[in-house]
Amino acid sequence: MNDHNTNALDSLIEAALGQDSKGAAELDQLAADLGIDNGAAFGERVELAAAAVMVNSVAKATEEMPAQVKDKIRADIATRNTDSNVVTLDTTSSRTTERSGVAQYLGWACAAALLLALVIRPDSTTVPEDPADTPKVVTTAESRDSLKALAGTVTLAWNPPEIDGYESVTGDVVWNNELQQGYMRLANMPVNDPSVAQYQLWIVDPDRDSNPIDGGVFDIVADSGEILIPIDAKLSVLDPQAFAITKEQPGGVVVSGGPLLVVAAAT
Amino acid sequence: MRLNVAESPTSKGKTVSNEYLLPRIARGEQRAMNECLDQYGGLVWSLARRLCPNAADTEDAVQEVFVEIWRFADRFDPEKASETTFVAMLARRRLIDRLRKHNRQPIEEVLDDGELTAPSAESTAEVSSDAIRVAEAMQRMKPEQQQALQLSAWLGLSHADIAEEMDLPLGTVKSHIRRGLLMLRDDLGDWSDAGSTGTQQ
C-alpha cells in the first residue's frame, strides 16, 4: 500500500472509531480513495474490532447489573413495545415452576376473603399516542403512567394492612392483563435486608390455578418514601383477583406460607 | 492470520432463527429482551462503569444502550461478529457519544486501570470467541501499541490526541492503531489492499 492509501486508511479508521462529525459521507469519500465501495460497512468492521477490544478488557472484571436497573430497563422497553404495537406476550416463561403440596393454600384463603370487601377501580381509558421513535429515557413513573392510561388497565389500592409494622403502607397496583404488565406503588414499606429476606409479590388468579402466580421478588433498600416496582409475572395471568406481598428467603420461594403483609384485591 | 470477528452460526449449535437473542428482539419478543438483559447486562454495565462518572450516569447510560439494542437488533449479522461484540459496539457508540456531549475525557481512569490490560485467553474463555482472539492478538502487541489501541477503542480519541496523551509521534500512533486493527481483523487488510477493485464487502 502506498503512502496515499496508508493515509487514507488511517483517516478512515480514525473517523470510524471517533464517530466524529465527518459522518457517513466522509467515510464513503475516504473509502472511495481506497477503492472501497462501502465506507460505512468498513467503518462498522473497525468499530466491531474496537468493541472486541473493550469486551476483552473487561473480561476479568465483569460486574452484575443491579436488579433495580434491570427492572427500570424492562419497564422502559415494555412501554416502547407497547407504543410500537409489537408486543409479544410472554406466555411460555422458562422460569415457570410447578407448584405442589398443601402449604401453598395457607394464607391464600385470606386473600380470597378480601375479594369480597374490595372493589376494582378501573382507571382512565384514554390510549396515548406517542410513537416514541427517538431514543428517550423513560422513567418507571412514566412507564406506569402510560400503562395506567391504557384501556383495560385496572388500579387496585392496597387494603389497609393489619400486620405489625406494615399498618402505614399505602399505594396501589396497576395491571393490564392484555399486556401482562403492571406496577406496584408502595409508600412506607419497611426496609428489608436482601441478604436475610426479600419481598415477593403473588398474583391470585383462580382461573389459572388455585395456587398464586409468582410476581417477582423485590427489595426496599432505603426508607425513601414512595417506590414503583415493575411486576414480573412468571406465568401468564388470566384473571387476576388479588395481589399480595409476602416476605421470603432471599430469591423468593415457590410456595409461600404467608403471612400476607399487604394485599390489593378485586371484588 | 485472519481474525474473523464472528462466531459461526453453527459453531455453538446456534442458528439465527432459534438461538440468537437479537433477531428475536427484532421480532418483538419481549422475553428475548429480558434474556438479553440477563445475558449482556453485566457486560454493558461494566463498560458503562468505566466511562461514566457516577452511578446515576451509569444507570442512564445503560438504559440508553439497551434502548439502542432494542432499536437496532435487526442489524445484527452473525457472519460479521458475535452477538457479544455487536452489543458492545452499540454500547461503545452510545457511551462515547455521552462522553462527547458531557465533554468528559476520563483518559487517566482508563489508562490507570490495570484491568484494561489484555487478559489471558483462558480468562476470557467464557466471554466470547471474539474476546479470546483479541486476547491472543493483543498478547503479540507491544505495550504502547496496546495502549494506543485501547485509547482509540475506549475513548474514540483522535490520533493527534492519543499522540499527545502518550507523548509519541503522530505517525507512530497511526501505525500502532492501524497495525493493531489489522492484527485483529485481517479482513480490514483485505479491504484496504483492494486497490481500485472496490468490490469487496
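Predicted model: local features only at pLDDT ≥ 70, side-chain atom pairs only at ≥ 80, totals over all residues.
The account begins with the helices. Two packed helices are described by the angle between their axes and by the distance between those axes. In chain A, helix α1 (residues 3-18) packs against helix α3 (residues 39-57) at an angle of about 65°, and their axes lie 9 Å apart. Angles of 65 to 115 degrees count as roughly perpendicular, and α1(A) and α3(A) are therefore described in that way. The crossing of α1(A) past α3(A) is right-handed. On the side of α1(A), the contact is formed by Leu12(A), Ile13(A), Ala16(A) and Leu17(A). On the side of α3(A), Gly39(A), Phe42(A), Gly43(A), Val46(A), Glu47(A) and Ala50(A) take part. Sorted by class, the residues of this contact are seven nonpolar, two polar and one charged.

Attention now turns to strand β5 of chain A, which comprises residues 198-204. Is this strand mostly covered or mostly open? It is mostly covered, since seven of its seven residues are buried. In a regular strand, the side chains alternate between the two faces of the sheet. In β5(A), one side carries Gln198(A), Gln200(A), Trp202(A) and Val204(A), while the other carries Tyr199(A), Leu201(A) and Ile203(A).

Which strands pair with β5(A)? One partner is strand β8 (residues 242-248) of chain A, which is joined to β5(A) in the antiparallel sense over seven bridges. Within this pairing, Gln198(A) stands opposite Glu248(A) of β8(A). Another partner is strand β6 (residues 213-218) of chain A, which also runs antiparallel to β5(A) and is connected to it by four bridges. Here Ile203(A) of the one strand faces Ile213(A) in β6(A).

Two residues in loops complete the account. Gln180(A) is found in the loop between β3 (170-176) and β4 (181-187) of chain A. Although Gln180(A) is not a glycine, its phi is positive, at about 60°. Gln180(A) counts as partly exposed because it has 18 C-beta neighbours inside 10 Å, whereas a buried residue requires 20 or more. Asn188(A) belongs to the loop between β4 and β5 of chain A. Asn188(A) is not a glycine either, yet it has a positive phi of about 65°. With 16 other C-beta atoms within 10 Å, Asn188(A) is likewise partly exposed.

Key:
Residues numbered from 1 in each chain as written. Chains lettered and ligands numbered in written order. Buried ≥ 20, exposed ≤ 12 C-beta atoms within 10 Å, placed from the backbone. Pairing = 2+ DSSP bridges. Axes fitted to C-alpha atoms, helices over the stretch in contact; angles between N-to-C directions. Parallel < 35°, antiparallel > 145°, perpendicular 65-115°, else oblique. Left-handed = near helix turned anticlockwise from the far one by under 90°. Contact = placed C-beta atoms within 7 Å. Nonpolar A, V, L, I, M, F, W, Y, C, P; charged D, E, K, R; others polar.
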